[in-house]
Amino acid sequence: MVERTGLWVGLLAMTAVACAGPAKTATLDLTQAAHHHDPHDHNHSRGKMLEAFDGKVAALLTSHLSSKTGNELDVFVEEAGAPRALAVTKLTAAVTGAAEPHTLTFECAPADERPAGEKEGTCSHFVAKAPWMTTSDRLRVEAALPLGEREQRFVWRDFDPKRFAHHEE
């Protein structure tokens, strides 16, 4: 009798499932559930520099604070941990987070501040004057870097000039 009851319960369960139609499968959207690493969504600090990374190229932002010569921002471009010279000598960046928005023109750093042997007309270290910058600013700096056939947008968020100063006088 116990065997027959178990058999009936099993058949009854199978019938209920079959009558309910095809089972609905719960799907998990991994793009929503997992932490998606968008290199343009956040930055990492690397010592006295704030790094924006596109998965291949790193663009590092640092400040130079000087009451004598004026404040500056520097951008260093790297690939695989080594300097990557871009085929330009100027970059333009939009800056917000100061008292008012600014557009900066980064120019190629002097030759003695760049890697030896960097070809003429290329640059891996750029510098821009930022006399308006204060140590209490929290800047958002956005620039497009020409990487071969494409331009890649790099954004540095919550840049703290005091924290990321490589030089202060």
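Modeller: Two strands pair if DSSP finds at least two bridges between them. Helices (H or I, at least four residues) and strands (E, at least two) are DSSP runs, numbered from the N terminus. This is a predicted model, in which local features need pLDDT of at least 70 and side-chain atom pairs count only at pLDDT 80 or more, while totals for chains, interfaces and linings use all residues. Residues are numbered from 1 along each chain as its sequence is written, and side-chain values use heavy atoms, without hydrogens and water.

Biologist: How do you know that β7 and β8 pair?

Modeller: Two bridges join β7 to β8, and pairing requires at least two, so these strands pair. The two run antiparallel, with Cys108 opposite Phe126 in β8.

Biologist: How many bridges join β6 to β7?

Modeller: Six bridges join these antiparallel strands. Thr92 stands opposite Thr105 in β7. Five residues lie between the strands of this hairpin, where Gly97 takes a positive phi near 105 degrees.

Biologist: Which strands does the protein place along its chain, and how many?

Modeller: There are two helices and eleven strands.

Biologist: What makes His64 count as buried?

Modeller: Buried means under 20% relative accessible area, exposed over 50%, and partly exposed in between, with a 1.4 Å probe and protein chains only. His64 has 16% relative accessibility, so it counts as buried. His64 lies in strand β3 (residues 57-65). Across the protein, buried residues make up 35% of the 169 residues.

Biologist: What is His64 in contact with, leaving aside neighbours within four places in sequence?

Modeller: Contact means heavy atoms within 4.5 Å. The partners of His64 include Thr69, Asp74, His166 and His167.

Biologist: What makes a set of residues a nonpolar core?

Modeller: The members are buried Ala, Val, Leu, Ile, Met, Phe, Trp, Tyr and Cys residues joined through side-chain atoms within 4.5 Å. The largest one here has 31 residues, and Leu73, Phe106, Leu145 and Trp156 have the most contacts inside it. Strands that each supply at least two residues of this core include β2 (49-53), β4 (72-79) and β10 (150-159). The largest share, five residues, comes from β9. In soluble globular proteins, nonpolar side chains tend to be buried together.

Biologist: Which residues form the covered face of β9?

Modeller: Leu139, Val141, Ala143, Leu145 and Leu147. The uncovered face has Arg140, Glu142, Ala144 and Pro146. In a regular strand the side chains alternate between the two faces of the sheet.

Biologist: How do you know that β9 pairs with β10?

Modeller: Eight bridges join β9 to β10, and at least two are needed, so the strands pair. They form a hairpin with two residues between them, and Gly148 in the turn has a positive phi of about 70 degrees. Leu147 stands opposite Arg150 in β10. β9 also pairs with β6 in the antiparallel sense, over four bridges.
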